[in-house]
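Reader: I am new to this structure and would like to go through it step by step. Could you show it to me?

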Amino acid sequence: MLEGLGLLGLFLVSFLAATVFPAQSEALLGGLLLAGTYSPVTLVIVASVGNTLGSVVNWLLGRAVEKFSDRRWFPVKHRQLERASRWYHKYGRWSLLMSWAPFVGDPLTVAAGVLREPFWSFFLLVAIAKTGRYILLAAVVLNFI
């Protein structure tokens with residue numbers, strides 16, 4: 001029972017870290033990796049799925065930006081969204097491979113929704129970026145590199 005709570009906690013923190021709520025999924029993933037209670041592959045999958053689905057929330061918010069952008073809880077300020085939109089226009093959908101990056105990632109996922117990036121290309125590129133980050137983190141924590 002407690003084992004499942006650790007995975008659920010990782011999923012929720014990873015999900016929240018990609019949305020409007022401030023959270024640090026990397027610290028929790030690192031701690032769980034070091035604890036050795038769970039398979040590293042399972043932890044990376046759970047964190048990746050949670051973080052990718054959190055980015056889907058941002059994409060949906062971007063699709064509805066006209067309704068929500070003036071709300072206090074909206075994850076991206078107008079200036080950040082403009083900068084992310086310029087970046088997105090310059091590099092296209094491939095900029096979503098930077099969705100893992102702090103400060104840039106969340107605005108990019110919202111901009112993808114605003115600019116009507118098709119869901120499946122959005123989802124695939126974000127999943128690759130998020131999973132790659134967690135694989136790299138796991139490799140560093142476990143001294144593979």
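Author: A term comes first: helices are DSSP runs of H or I with at least four residues, numbered from the N terminus. Please also note that this is a predicted model.

Reader: Thank you. Which helix is Gly105 found in?

Author: Gly105 belongs to helix H6.

Reader: Is Gly105 buried or exposed?

Author: Gly105 has a relative accessible area of 0%. Buried means under 20%, so Gly105 is buried.

Reader: What does Gly105 touch, not counting residues up to four places away in sequence?

Author: With those left out, Gly105 touches Met98 and Ser99.

Reader: How do H5 and H6 pack?

Author: Helix H5, residues 78-91, and helix H6, residues 105-114, pack at about 70 degrees, and their axes are 8 Å apart. The angle therefore makes H5 roughly perpendicular to H6. Among the residues making the contact are Trp87 and Tyr88 of H5 and Leu108 and Val110 of H6. By class, this contact has 10 nonpolar, two polar and no charged residues.

Reader: Turning to another pair, what is the angle between H2 and H3?

Author: Helix H2 (residues 25-35) packs with helix H3 (residues 40-63) at an angle of about 165 degrees, the axes being 10 Å apart. That angle makes H2 roughly antiparallel to H3.

Reader: Is the crossing of H2 and H3 left-handed or right-handed?

Author: The crossing of H2 past H3 is right-handed.

Reader: And which residues meet there?

Author: From H2, Ser25, Leu29, Leu32 and Leu33 meet Pro40, Leu43, Ala47 and Asn51 of H3. By class, the contact of H2 with H3 has six nonpolar, two polar and no charged residues.

Conventions
Residues are numbered from 1 along each chain as its sequence is written. This is a predicted model: local features need pLDDT of at least 70, side-chain atom pairs count only at pLDDT 80 or more; totals for chains, interfaces and linings use all residues. Side-chain values use heavy atoms; hydrogens and water are left out. Axes are lines fitted to C-alpha atoms, for helices over the stretch in contact, and angles run from 0 to 180 degrees between N-to-C directions. Helices (H or I, at least four residues) and strands (E, at least two) are DSSP runs, numbered from the N terminus. Angles under 35 degrees count as roughly parallel, over 145 as roughly antiparallel, 65 to 115 as roughly perpendicular and the rest as oblique. A crossing is left-handed if the near helix is turned anticlockwise from the far one by less than a right angle, and right-handed if clockwise. Contact means heavy atoms within 4.5 Å. Ala, Val, Leu, Ile, Met, Phe, Trp, Tyr, Cys and Pro count as nonpolar, Asp, Glu, Lys and Arg as charged, and the others, Gly among them, as polar. Buried means under 20% relative accessible area, exposed over 50%, partly exposed in between (1.4 Å probe, protein chains only).
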